[in-house]
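Trainee: Can we go through this structure together? I would like to start with a term I keep running into.
Mentor: Fine, here it is.

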Amino acid sequence: MRRIFVVAFLVVLVAVLVFLGLNALGLLPEQAAAQAEPIDWLLNLELMVISFLFALIIVPLVYSLVAFRRKPGETGDGEHVEGNTRLEIGWTVIPLIIVLIFAYLGAENLGRVRRADPQAMQVQVTGYQWGWQFKYPQYGIRSQELYLPVNEQVLFKMESTDVIHSFWVPEFRVKQDLVPGRVTEVRITPSRVGRYTLMCSELCGTQHAYMNAPVVVVSRAEFDAWVAERQAAAAAAAASGPDAARGEEKYLMYCKACHSIDGSKGVGPTWRGLLGEQVVLTDGTTFIADEAYILRSIKEPASQVVAGYPPMAFNAEAVGLTDADLADIVEFIKTLK
Amino acid sequence: MKKFLSTGLMRGLAFQILGTLAGAGFVTLIRFLMGLKIWGWDKTTYGFTEPAWVFGGLVGVLSFLYGTRVLDDWLKWAAGKETHERHEDPPGWVKFFGPSLDHKVIGIQYTVTSLILLSVGGLFALIFRTELAASGLQFLDPDLYNTLMSLHGIVMIVSILLGIAGVMNYLVPMMIGAADMTFPRLNAFSFWIAVPAAVLLLSSLALGGFDTGWTGYPPLSARAPLGMQMFFLGVFVAGWSSILGALNLLATVLRLRARGMTAFRMPIFVWAAVATSIISLTATQLIGLSFQLVMFQRLFGMGFFDPAKGGNPIIFQHLFWFYSHPAVYVFVLPGLGIISELLPVFARKPLFGYKWVAMSSLGIALVGFLVWAHHMFTSGMNEYLRVPFMYSTLLVAVPTGVKFFSWVATLWGGKIETPTPMMFVLAGLVVFLLGGLSGPPNATVSTDLHLHDTYFIVGHFHDTMFGGYVFPFFAALYYWFPKATGKKLNEKLGHWHFWLMTSGMLVLTLWMMRVGLLGMRRRIADYDPALGFDLSHLVMTVAAFAIALSVLIFFVNVYTSLRKGQAATGNVWNSRSPEWQVPSPMPAHNYEKEFRVVGEPYDYGLPGSAYVKFED
């Protein structure tokens, strides 16, 4: 009996130490969304139970190894105890109850995470190999950076143009896949001003590791200023002609993952010296690259695949590139001698 | 050398190469006659076109089987000829390289193949683990990283399947007092079909690799390089090995038990083997099917999972996980059975609550069929399905808990000895506990939204795989090595193996969980240095090398112990199990005299009791 009390005391001690130790480590990134609160609360509760169960198994295990170790020269066997039905029922039923409590808590917690605000601002997210595009239908603008006003719920409507991607900002906690052929949704209420990183968390091919986008959470006033600036820039771009500097910006956002501008071979052909160069397609056709060829290559990449490169499914329209953008990009390519 | 080149294995490999070329040539000829493209060089055409390679791969497998002569008896029967009921194996090492009908030889063939694949899969992991030691790309390009990461996964899975098949094949007939498995020819076939499957899987490395991970989700897998198809075909073929092996094992346990061996007097490992085999027999078809559908989508343009043709990528995930979750229990149940089998021997006490432990294996196997969608909480499947799957997943904790409590109660009050096999059993118990305890946060949906697809999951399942399979597997190797060879493995080297592997494993997986919680995604070739994970990855890489070194020590131990190990032909561990009541190694067809079960298997500490009595 004395042994049982010693072990019980040690179990409590070890459980408390493990739990405090884990908490002292700082296990999670900072909380930057309202959804993170219930999630972290549940995780913390689970950590408590995990610490206890860990101690409940490890302490008697280690205790047994010390106290019931065979002494040198000792012979004979241990006590002949075949089992104890009451104990077995106990450690079946009690865990069952705990498990059901956690399942209930988990469902309730999920409900809190999914709580919807009917006034939520909508942002349309498009994932593609390998980048992100955000459209704000309410304001008629689009961006490669995700600007969000603080303390307002945002409803993300997400689509993929090619393979499965996944939307995750660790500070926001929640994660949702983007599936080709359907629209998936996730609601997030940023709760803390700052800069974060959106990461694709579903393996999506060669450049998966780099499929990130900046996330900027700002006050409502700053958000409105940003919207006005984007609207003005879009209007100015529409008014002026093609511009190589804007083309370079687009290149860095949309094209860089596959096309180099220094002559090195990427997933697709390099753009250096592309205009005026001889092109050989997989079907053997040979011609000199001109503007019309480049535009058609961007819009319908499968219609003319360059020999030695795989056919890709870049979808300029789906990621939000307009004809004016394409003209900018061609203008930029012209500067790459 | 000449003797080696004429073994079944080498003949089979030669036939596989010729068969592959013949099959590919045949398709190429047809394509030529139809005026289709027959030759080229891009990511889906390595010389031969994709359809030619796939058909060639299939013909290669059949040719391999023909070449090894494992089909000979069946072909003779089909032609109306008679064969011997039993075949004697040639003396010496040659028997391990050709088809044998002896379950002990087949068990060793499985185990050795498993260890080879374990080394190959481990080597892949070391390569990309070294790449990850610092942020930025050092020496791998992202495509090769993805291929190595994907191959590490599937090679390890096949290694585990062969490892458990090896242990079950070797032990179950001995433990139940049978001369062999019920269907010895099917048993040999099950092993030999796994060999060309492994060759196919590894061949993907030379054919462009594949960048999907072992999960092979479309649409990514529908547009991956040619290596993808070799992966699909390899898994499809390996599945046959699993299904037929499980069928054979169930038939053996049902039909060939010794007199008096009622269900609750079987050694506990046999219960685990039965539970595992029920899953393998009934679920493996689903992974083969799901991969076959993607294979056909690529070859014939069938749009099963292609949204442009009305297909649905999420259906694939359901089909895939319907096998691949229960598969996890296929991997761990035999290991947990080994823990339950060895603890009483080294604690010198009966297994606490034998019936509860036996039933918990079946409980895990059955509940395991109802939890698959917990891999899909973020996938975009119907949102309301997530809650019922959370309930079913958490339920797995109940039978698993029964095992843990019973194990601890077995140790309590014993007279515990800790030679190397017992050390591995204890490490398996502790590491599996960590794997189990890190499970519930993935099971509750809201917390999983954060943890899914991060290193937390990677740490979690490496703990379950190491605790549930690797440590018990090595425990079994140390424990039954004398049975198979008549020599004991060196204890000192065993201790080195143990301490390096255990400490490496704990550091590696706990650190994985930590960076995962902080925001480290899984399956990425590179990570942002701004995340501050460089030092953590360096530590994990060092730990991985410690594990690799420990396995190397194990191989050295096997080699030296085989040559000049301490002779051990008797009941080395003082066990009550029937296989230890006769001298080691055992002859073909096992027991010279049949035995009758006269008592409980684990009545340690009950004076005058016996488990089995040999007939006079």
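Mentor: We begin with accessibility: a residue is called buried under 20% relative accessible area and exposed over 50%, and partly exposed in between. Keep in mind that this is a predicted model.

Trainee: OK, so is A:Arg142 buried, exposed or partly exposed?
Mentor: A:Arg142 is partly exposed, because its relative accessibility is 25%.

Trainee: And which residue does the side chain of A:Arg142 meet in a salt bridge?
Mentor: A:Asp325, with N and O 2.7 Å apart. A:Asp325 counts as buried because its relative accessible area is 5%.

Trainee: Where do A:Asp325 and A:Arg142 sit in the chain?
Mentor: A:Asp325 is in helix α7 of chain A, residues 323-334, and A:Arg142 is in strand β3, residues 141-143. They are 183 residues apart, so the pair links distant parts of the chain.

Trainee: What does A:Lys334 pair with?
Mentor: The side chain of A:Lys334 forms a salt bridge with that of A:Glu291, at 2.8 Å from N to O. A:Lys334 is in helix α7 of chain A and A:Glu291 is in helix α6, residues 291-299, so this bridge ties together parts 43 residues apart in sequence. Both ends are partly exposed: A:Lys334 has 28% relative accessibility, and A:Glu291 has 36%.

Trainee: Chain B now. What is the partner of B:Arg259?
Mentor: B:Glu615, and their closest N and O atoms are 2.7 Å apart. B:Arg259 lies in the loop between α8 and α9 of chain B, while B:Glu615 is in the segment after β6, 356 residues away. B:Glu615 is partly exposed, at 22% relative accessible area.

Trainee: How many salt bridges are there over all chains?
Mentor: The search of the whole structure gives 26. Some share partners: A:Arg114, B:Glu383 and B:Arg386 are joined into one network.

Trainee: How many salt bridges cross the interface of chain A and chain B?
Mentor: There are 4. A:Glu74 and B:Lys415 also meet through their side chains in a salt bridge, 3.2 Å from N to O. For polar contacts between the two chains, the count is 28 residue pairs.

Trainee: How is the size of an interface often given?
Mentor: Often as the accessible area lost when the parts come together. Here the area buried between chain A and chain B is about 7,700 Å², and carbon and sulfur atoms give 66% of that. Chain A puts 86 residues into the contact and chain B puts in 89.

Trainee: Which element gives the largest share of the side of chain A that touches chain B?
Mentor: α3 of chain A, with 19 residues. By type, the residues on that side divide into 49 nonpolar, 21 polar and 16 charged.

Trainee: Switching to the inside. How many residues are in the largest nonpolar core?
Mentor: The largest nonpolar core has 265 residues. Those with the most contacts inside it are A:Trp132, A:Tyr136, A:Phe156, A:Phe167 and A:Phe172. Helix α6 of chain B, residues 142-176, gives the most to this core, 22 residues.

Trainee: What does A:Phe156 touch, leaving aside its neighbours within four places in sequence?
Mentor: Its contacts include A:Val123, A:Leu146, A:Phe167 and A:Ile188. A second, separate core has 23 residues, among them A:Tyr128 and A:Tyr251.

Trainee: Last topic, the backbone. What do most phi values and peptide bonds look like?
Mentor: Most residues other than glycine have a negative phi, and most peptide bonds are trans.

Trainee: Which peptide bond of chain A is cis?
Mentor: The bond from A:Gln129 to A:Trp130 is cis, with omega near 0°. A:Trp130 is in the loop between β1 and β2 of chain A. In chain B, the bond from B:Ser584 to B:Pro585 is cis, with omega near -15°.

Trainee: What about B:Asp453, is its phi positive or negative?
Mentor: Positive, near 60°, and B:Asp453 is not a glycine. B:Asp453 sits in the loop between α16 and α17 of chain B, and counts as buried because its relative accessibility is 5%. B:His589 has a positive phi too, about 65°. B:His589 is in the loop between β4 and β5 of chain B, and at 26% relative accessibility it is partly exposed.

Terms used
Residues are numbered from 1 along each chain as its sequence is written. Chains are lettered from A and ligands numbered from 1 in the order in which they are written. This is a predicted model: local features need pLDDT of at least 70, side-chain atom pairs count only at pLDDT 80 or more; totals for chains, interfaces and linings use all residues. Side-chain values use heavy atoms; hydrogens and water are left out. A nonpolar core is a set of buried Ala, Val, Leu, Ile, Met, Phe, Trp, Tyr and Cys residues joined through side-chain atoms within 4.5 Å. Buried means under 20% relative accessible area, exposed over 50%, partly exposed in between (1.4 Å probe, protein chains only). Helices (H or I, at least four residues) and strands (E, at least two) are DSSP runs, numbered from the N terminus. Contact means heavy atoms within 4.5 Å. Buried area is the accessible area (1.4 Å probe) that two parts lose on being put together, summed over both. A polar contact is a pair of N or O atoms within 3.5 Å; within protein, one must be able to donate a hydrogen and the other to accept it, and residues adjacent in sequence count only if both atoms are side-chain atoms. Ala, Val, Leu, Ile, Met, Phe, Trp, Tyr, Cys and Pro count as nonpolar, Asp, Glu, Lys and Arg as charged, and the others, Gly among them, as polar.
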